[in-house]
Amino acid sequence: MIPLSTKMRPQRLEDFVGQDHFMYQGSLFYNSIKNKTFDSAIFFGPSGTGKTTLARIIAKEMDGDFHEINASTTGTKELKELLEQAKVRFFGLEKRTTYVYIDEFHRWNKLQQDSLLRALEEGVIKFIGSTTENPYFAVNNAIISRVRNIYEFHRLTPENLVTIGRRALDDRELGFGSLQIKYDEEALAVMAHLANGDARVMLDTIGFIVDNLSEGETITKRIVSEAMQRKIGFYDKGDDRYNLLSALQKSIRGSDPDAAIHYFSRLMDGGADIQMVGRRLLVIASEDVGMAYPSAISIVTACVQAALMVGLPEAVINLSQAVILLASAPKSNSVILAYEEALGDLHNERIDDVPPHLKDSHYAGAKNMGYGATYKYPHAYGGYVKQQYLPNNLYLKKVKYYHPTENGSEASFKKFLESLEKRYENDKKS
């Protein structure tokens, strides 16, 4: 039986849902497809966000010869045969470009990836590679330099997933519209939340439910919970997960470990996933604890990684440790305040150029322009030497963005920075 996620793949650009940050009517991306000027590209992002679907739509719109392969099952020999056929098609009577979509492109080694270079340079193929890995780490630089467009796919929003789910239940041709399945809108919303941005999970869950639904039965929250084997406490108890996350952060910021663990427990009991809570704890470690206890970010990162490896239900132990540590640690928000103040100047003032002595001097001609000429290497002066680092207008204003507190470990950083200032003042007097 064909999975519903495969049957419901949109065939037209207008039916594609999601990735609104680059894919919308009138965008350069959209227009390049409609104008048939779309070039090679790399799509990267989580599974179930539309990478393969969009690649197939593009190939159809461009009216080119389309080949789809998976890097985990296709070797160099098969690729060379495909490229030879593309070369004959391009330089022969057809004069047609071949579109090659390579899924899981990061699985190929450097030699396999580089075998595309000549065909790309000659225009024999237009290449779309998809990967769940960051292409700047997983794809060779030689390929990236020849592929001008790199598009990051985001997880689909709950609203996107509800649209996709409703279409599957109402569509008479590809979906279940002819069955006239009854469903609660709230059940779709719950399913969209639990699908965690993955359209494949959303659609295949709907397919499983419909295939096993009793005659005349309505799709409800209870059925969704049973199908996905996940708690839906947020919806049963009327809790808003964003309110609970806010209460968790404010309780940690207020150094109340009892309230913090209470809201954490409500989140986990309500069906929150590890990533949702983990992301917020990592933010808190820098935003609210910061320099008062700099090790917090490392410990919390270790706790979140351990939770992801262990999985639920035991993962709550790792996350509880992070919650209690953050709530019990000294607090400082000097990091976020320093960033916001610096950003405010960037947006509201004209900022002078980087001082010449700080500019890169590791290339031919830099010395002729005086770059790096008067730079003082701090390690040659015992670890510190006073010199100008800020752009000139900010330096003359004696701008200070970082204002350390006396809390926790930050007190020692404050003492160290003050000692450097005193040392400079003493050096000026002597």
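Is glycine 18 buried or exposed? Glycine 18 is buried, with a relative accessible area of 4%, where buried means under 20% relative accessible area, exposed over 50%, and partly exposed in between (1.4 Å probe, protein chains only). The model is predicted, so local features need pLDDT of at least 70 and side-chain atom pairs count only at pLDDT 80 or more, while totals for chains, interfaces and linings use all residues. Residues are numbered from 1 along each chain as its sequence is written, and side-chain values use heavy atoms, with hydrogens and water left out.

Glycine 18 sits in the loop between α1 (4-7) and α2 (28-34). Helices (H or I, at least four residues) and strands (E, at least two) are DSSP runs, numbered from the N terminus. Between the C-alpha atoms of glycine 18 and lysine 376 there are 51 Å, and the two residues stand 358 residues apart along the chain.

Two helix pairs come next. Helix α14 (residues 241-253) packs with helix α15 (residues 257-269) at an angle of about 160°, and their axes are 8 Å apart. Axes here are lines fitted to C-alpha atoms, for helices over the stretch in contact, and angles run from 0 to 180 degrees between N-to-C directions. The helices α14 and α15 are therefore roughly antiparallel to each other; angles under 35 degrees count as roughly parallel, over 145 as roughly antiparallel, 65 to 115 as roughly perpendicular and the rest as oblique. The crossing in which α14 passes α15 is left-handed, a term used if the near helix is turned anticlockwise from the far one by less than a right angle, with right-handed used if clockwise.

The second pair is α17 and α18, whose axes cross at roughly 165° and come within 7 Å. That angle makes α17 roughly antiparallel to α18. Here too the crossing is described by its hand: α17 passes α18 in a left-handed crossing.

Most residues other than glycine have a negative phi, and most peptide bonds are trans. In the loop between α14 and α15 lies serine 255, which has a positive phi of about 55° although it is not a glycine. Serine 255 is partly exposed, at a relative accessible area of 38%. In the loop between α17 (296-310) and α18 (315-328) is proline 313, and the peptide bond that leads from leucine 312 to proline 313 is cis, with omega near 10°. A positive phi, near 55°, is also found at glutamate 104, a residue other than glycine. Glutamate 104 belongs to the loop between β3 (98-103) and α5 (110-114) and counts as partly exposed at 22% relative accessibility.

How many salt bridges does the structure hold? There are 22 salt bridges, each defined as a side-chain nitrogen of Lys or Arg within 4 Å of a carboxyl oxygen of Asp or Glu. One of them joins the side chains of arginine 89 and aspartate 65 (3.2 Å, N to O). Arginine 89 lies in helix α4 (residues 76-91) and aspartate 65 in strand β2 (residues 65-70), so this pair ties together parts that are 24 residues apart in sequence. Arginine 89 counts as buried at 13% relative accessibility, whereas aspartate 65 is partly exposed at 21%.

Lysine 110 and aspartate 114 form a salt bridge whose closest N and O atoms are 2.8 Å apart. These residues are four residues apart in helix α5, so about one helical turn separates lysine 110 from aspartate 114. Lysine 110 is exposed, with a relative accessible area of 54%, and aspartate 114 is partly exposed, with 22%.

A further salt bridge links glutamate 217 to arginine 222, with 3.4 Å between the closest N and O atoms. Glutamate 217 is partly exposed at 26% relative accessible area, while arginine 222 is exposed at 51%.

Tyrosine 389 is placed in the loop between α19 (334-348) and α20 (392-396), and at 41% relative accessibility it counts as partly exposed.
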